[in-house]
Amino acid sequence: MQFLVFIIAFPFLWIISILPFRLFYWFSDFVYLILYYIIGYRKKTVRENLALAFPNLSAKERLVIEKKSYHHLCDIFLEMIKTMTISPEEMNKRFIITNLEVVKEYEKKGKSTILLASHYASWEWLLTLNEKTLFRGIGVYKKIANKYFDKLIRDIRSKYKAELVETKRAIPLIAENQEKGILSMYGLASDQSPKLNRAFHWDKFMGVEVPVHTGAEMLAKRYDLNVLFVKVKKVKRGFYEATFVPITDNPRSIPDFEITNVFLREVEKQILEAPEYYFWTHKRWKHKR
């Protein structure tokens with residue numbers, strides 16, 4: 001059944017991916033109308049999240065953010081598909097890294113690095129970094145249930161020298177790379193809600209106290225890894241800029257949970273600048289106190 005779903009869906013995905021950008025974004029507008037006005041995908045969750053994060057805004061102001069966020073959600077989903085066939089040259093025009101020298105400085109330190117990202121703007125096209133750095137680029141991700149789509153995603157990443165590793169395999173891989181002296185950069189999007197039985201730390205996120213992921217900090221301290229945050233800005237439709245923000249090159253000297261807290265403050269800054277580009281459909285505040 002998984003293969004049947006894949007072979008039916010794949011031709012449609014491929015056709016979408018080869019559309020000229022003008023038609024591509026017209027199609028995204030059409031998907032928005034279906035998703036928002038007909039399906040109403042996770043509207044309740046989005047409205048609850050926005051009310052929690054922006055209690056000072058009126059319902060009308062939050063509605064404006066809500067609609068813009070659904071437009072962006074459709075763009076992001078389709079841009080993931082576009083990655084199937086977009087050329088590296090076109091990708092580099094549309095996803096610009098503003099301060100690559102920061103990564104180059106971290107390469108010189110001779111230590112592997114954790115790259116912290118959030119579900120904001122475009123984390124998908126960040127994979128272009130792998131062709132610009134000496135680090136072995138590895139993204140930690142949750143495996144897709146359909147093994148054929150999962151392989152497709154991994155194959156797409158491999159075009160840009162990026163690898164994907166399941167969360168449960170991340171620690172053994174990091175340990176192996178450390179033992180072999182393989183300099184790597186591990187990408188983690190750590191702004192979502194952890195399971196309560198794995199919550200070791202709580203902090204305020206957008207003014208609400210919630211459990212937060214601390215795995216990245218734990219790995220950084222265990223293996224003495226540099227820590228960077230990548231801030232992604234949406235310049236205009238289909239165009240993004242990524243800026244690296246150093247957090248620490250000596251994680252063991254930092255008090256427990258401070259790395260995690262600094263990361264969350266950086267994510268908040270992004271959201272406050274342009275909240276419509278955050279992934280509000282996630283149940284980030286499902287556990288709170």
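At what angle do the axes of helix α1 and helix α7 cross? Let me start there. Before the answer, the ground rules: this is a predicted model, where local features need pLDDT of at least 70 and side-chain atom pairs count only at pLDDT 80 or more, while totals for chains, interfaces and linings use all residues. Residues are numbered from 1 along each chain as its sequence is written, and side-chain values use heavy atoms, with hydrogens and water left out.

Okay, the helices. α1 is residues 2-17 and α7 is residues 147-158; their axes come within 8 Å and cross at roughly 45°. That makes α1 oblique to α7. On the cut-offs: under 35 degrees is roughly parallel, over 145 roughly antiparallel, 65 to 115 roughly perpendicular, and the rest oblique. The axes are lines fitted to C-alpha atoms, for helices over the stretch in contact, with angles from 0 to 180 degrees between N-to-C directions. And when I say helix or strand, I mean DSSP runs numbered from the N terminus: H or I with at least four residues for helices, E with at least two for strands.

Who meets whom? From α1 you get Gln-2, Phe-3, Val-5, Phe-6, Ala-9, Phe-10 and Leu-13, and from α7 Lys-147, Tyr-148, Phe-149 and Leu-152. Contact here is heavy atoms within 4.5 Å. The residues of this contact split into nine nonpolar, one polar and one charged. For the classes, Ala, Val, Leu, Ile, Met, Phe, Trp, Tyr, Cys and Pro are nonpolar, Asp, Glu, Lys and Arg are charged, and the others, Gly among them, are polar.

Next, the core. The largest nonpolar core holds 81 residues, and the ones with the most contacts inside it are Leu-116, Phe-205, Phe-244, Ile-271, Trp-280 and Trp-285. Helix α4, residues 59-82, gives the largest share of this core, seven residues. By nonpolar core I mean buried Ala, Val, Leu, Ile, Met, Phe, Trp, Tyr and Cys joined through side-chain atoms within 4.5 Å. Buried is under 20% relative accessible area, exposed is over 50%, and partly exposed is in between, with a 1.4 Å probe and protein chains only.

Take Leu-116 as an example. Beyond four places in sequence, its contacts include Leu-188, Ala-216, Val-230, Ile-247 and Phe-263. Then have a look at Phe-54, in the loop between α3 and α4. Phe-54 is buried, at 8% relative accessibility. Again setting aside neighbours within four places, Phe-54 is in contact with Arg-62, Met-206, Ile-271, Leu-272, Pro-275 and Trp-280.

Now salt bridges. How many does the structure hold? There are 17, each one a side-chain nitrogen of Lys or Arg within 4 Å of a carboxyl oxygen of Asp or Glu.

First up, Asp-224 with Lys-111, closest N and O atoms 3.3 Å apart. Asp-224 is in the loop between α9 and β8, and Lys-111 is in the loop between α6 and β2, so this pair ties together parts 113 residues apart in sequence. Asp-224 is partly exposed at 22%, whereas Lys-111 counts as buried at 18%.

Then Arg-265 and Asp-203, at 2.9 Å, N to O. Arg-265 is in helix α10 and Asp-203 in strand β6, so the pair ties together parts 62 residues apart in sequence. Arg-265 is partly exposed, at 30%, and Asp-203 is buried, at 14%.

And Glu-273 with Lys-231, also given as 2.9 Å, N to O. Glu-273 lies in helix α10 and Lys-231 in strand β8, so parts 42 residues apart in sequence are tied together. Glu-273 is exposed at 53%, and Lys-231 is partly exposed at 26%. There's a network too: salt bridges with shared partners join Asp-29, Asp-75, Lys-234 and Arg-237.

Arg-42, in the loop between α2 and α3, has a positive phi of about 50° without being a glycine. Arg-42 is partly exposed, at 36%. Ala-121 is another non-glycine with positive phi, near 55°, and sits in the loop between β2 and β3. Is Ala-121 buried or exposed? Buried, with a relative accessible area of 0%.
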